[in-house]
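Here's a quick tour for anyone meeting this structure for the first time. Have a look at the sequence and the model, then read on.

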Amino acid sequence: MASLLLSRRDLDFLLYEWLDVEELTKRPYFAEHSRETFDGALDLAEEVATEHFATHNKRADANEPTFDGDRVAMIPEVKRALDVFAETGLMGAALPASVGGGQLPGVVARACFAWFQAANVGTAAYPFLTLGAANLLLAHGSPELVDRYVRPMVDGRFHGTMCLSEPQAGSSLADIVTRAEPRDDGTYRVSGNKMWISAGDHELGENIVHLVLAKIPGGPAGVKGISLFVVPKFLPDGARNDVRLAGLNHKMGYRGTTNTMLNFGEAGEGAVGYLVGEPHHGLTYMFHLMNEARVGVGGGATALGYTGYLKAVDYARGRPQGRPVGSKDPAAPQVPIIEHADVRRMLLAQKSYVEGAMALNLYCARLLDDEHTAAEAADRERAHLLLDVLTPIAKSWPSQWCLEANNLAIQVHGGYGYTREYDVEQHYRDNRLNPIHEGTHGIQGLDLLGRKVVMQGGAGLALLGSVIGETVARGTAAGGEPASFASALDAAFSRVVAVTAALWSGGDPATALANASVYLEAVGHTVVAWLWLEQALAAGERPGAFYAGKRQAARYFFRYELPRTGPQFDLLSSSDRTTLETDPAWF
């Protein structure tokens, strides 16, 4: 029986028939791998996710972690699942062999981890955050910090967090007030409060490695004065550091993940912290983790949308209700609801969202592999620039449209979709967090329009246009339907370029950025249309239901979804100031 978590057939298509990940084994860094090891990792991920993560998803949702003022308690299945995850080696699957990792291509590891996010996103959040912390320390930490903290992370003994937000600052990191006072022994004493810290306290391992943003007294004002510190729950000698759980936050989703307010230095002179890299470069370092996390959040949103879609298809095939339009015989047998055109419309929309988002996730992961391992420096720089432009889209587009897929999955289930008997209501609640995780849509829109498309004189946008142009040329050459898709895509991206220029031509940043979220949505839809043309070209005219489904989903996206961008581009071109000119007193 096919899995209702993800489609392995779709993953194989994306990895092998489209992205040609086997080509990566020709690079020295991945030379020990092959199609067999890739398949083995994917098989193992599906097995562990199905048997150890999915089995307690609903129980973890119904039984949130609790805090008695001293310790956090949670259902035992969470730790058992994470112990199995660590034992398989999947924790360090993509990390370097030098620290005990498997040195698997990131694109394959991304596909593997999607199984766990689809199965149980709450439990999967613990290794997700740990791997992000490990990658940051590998990139910017000293050899001592790597040896002391990364290796135990790879083993699954230590866990990691990212501590950015504060109660009074939220996403405005320039306003953080957590302090780090230097000591003569080279350590620091960290004092302050951090809010919304996922996985901030638990007893799932031997230690928790907090990566904390703080300001060293006397440093520059604002974000330029932020430094980054490792602040472990337990010090190297085993003593408890002055990091205390103030309380748990209770969210509508991800209920199996502890979400915390942490107090640093509550008991005295401060928690012991170790500086990462150079002083006052903390936000730059943290963006290494944040950008990885943003793509990962998009991956989690995709996985939740994907499993909801598969469960909606399964339900629609087995639920008899109603009769075909035009049937006048009340004694005729009812038909499965998948026979109704509007249900197929909802399923087709979900398919176009989740399979388009999965293509975006894996494409970005493939870019990361190119950035790190491509033979030529120019290719590495090109991959870095393109990934920079796509990151806000890779985070926000799946968070918006795969949530809509979950919304439609509930609708397909009808009244049952609102009940806890079926999984789809939980998938919606879990996924509703992702439009806020790692920066809201508004923040991602400002990043895309305010930085990414204008940086280096617009080099990133030009590169994206070049890559899309190559696909348009192949679609045009293919003729027939792909050529019509190519024409529509070319027109849409031309509008992206024209609108971007128009927005910035007035020299008024406030007006240009007032509708940055609309810009993000329109450009995101254009990018996913490009990836659907890529998939249509990879499918070609090959026979069989799978390829026919790909072609039909591409048709749907180009006929129903890409046209949404027209009115958005019109609004953006007008430099509309409705939001800017709205007086707060009018609300």
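Let's start with helix α12, residues 441-452, where the buried residues are Q444, G445, D447, L448, L449 and K452. Buried here means under 20% relative accessible area, with over 50% being exposed and anything in between partly exposed (1.4 Å probe, protein chains only). Helices are DSSP runs of H or I with at least four residues, numbered from the N terminus.

This is a predicted model, so local features need pLDDT of at least 70 and side-chain atom pairs count only at pLDDT 80 or more, while totals for chains, interfaces and linings use all residues. Residues are numbered from 1 along each chain as its sequence is written, and side-chain values use heavy atoms, with hydrogens and water left out.

**Enclosed helices**
- The buried residues of α12 pack against α8 (282-318), α10 (377-413), α14 (480-505), α15 (509-513) and α16 (516-539); contact means heavy atoms within 4.5 Å.
- Helix α11 (residues 424-431) is largely enclosed by the rest of the structure, because 7 of its 8 residues are buried.
- Those buried residues of α11 are V424, E425, Q426, H427, R429, D430 and N431.
- Among the elements covering them are α3 (57-62), α6 (121-140), α8 and α10.

**A crossing of two helices**
- Two packed helices are described by the angle between their axes and the distance between the axes.
- Helix α9 (residues 341-373) packs with α16 at an angle of about 90°, and their axes are 9 Å apart.
- The axes are lines fitted to C-alpha atoms, for helices over the stretch in contact, and angles run from 0 to 180 degrees between N-to-C directions.
- That makes α9 and α16 roughly perpendicular to each other, a label for angles of 65 to 115 degrees (under 35 is roughly parallel, over 145 roughly antiparallel, and the rest oblique).
- On the α9 side, K351, S352, E355, G356, A359, L360 and Y363 meet V527, V528, W530, L531, W532 and Q535 of α16.
- Sorted by class, this contact has 8 nonpolar, 3 polar and 2 charged residues.
- For that sorting, Ala, Val, Leu, Ile, Met, Phe, Trp, Tyr, Cys and Pro count as nonpolar, Asp, Glu, Lys and Arg as charged, and the others, Gly among them, as polar.

**The nonpolar cores**
- In the largest nonpolar core, with 170 residues, F116, M286 and Y519 touch the most other members.
- A second, separate core has 17 residues, including I197, V212, L245 and L248.
- A nonpolar core is a set of buried Ala, Val, Leu, Ile, Met, Phe, Trp, Tyr and Cys residues joined through side-chain atoms within 4.5 Å.
- Beyond its neighbours within four places in sequence, M286 is in contact with L136, M162, C163, L164, L211, L213 and L228.

- T307 sits in helix α8 and is buried, at a relative accessible area of 0%.
- Setting aside neighbours within four places in sequence, T307 is in contact with L4, L5, A118 and H427.
- L572 belongs to helix α18 (residues 565-573) and is buried too, at 1% relative accessible area.

**Cysteines**
- How many disulfides does the structure hold? There are 0, counting a disulfide as a pair of cysteine sulfur atoms within 2.5 Å.
- Take C364: its sulfur is 13 Å from the closest cysteine sulfur, in C402, and that's too far for a bond.

How values were computed: Helices (H or I, at least four residues) and strands (E, at least two) are DSSP runs, numbered from the N terminus.
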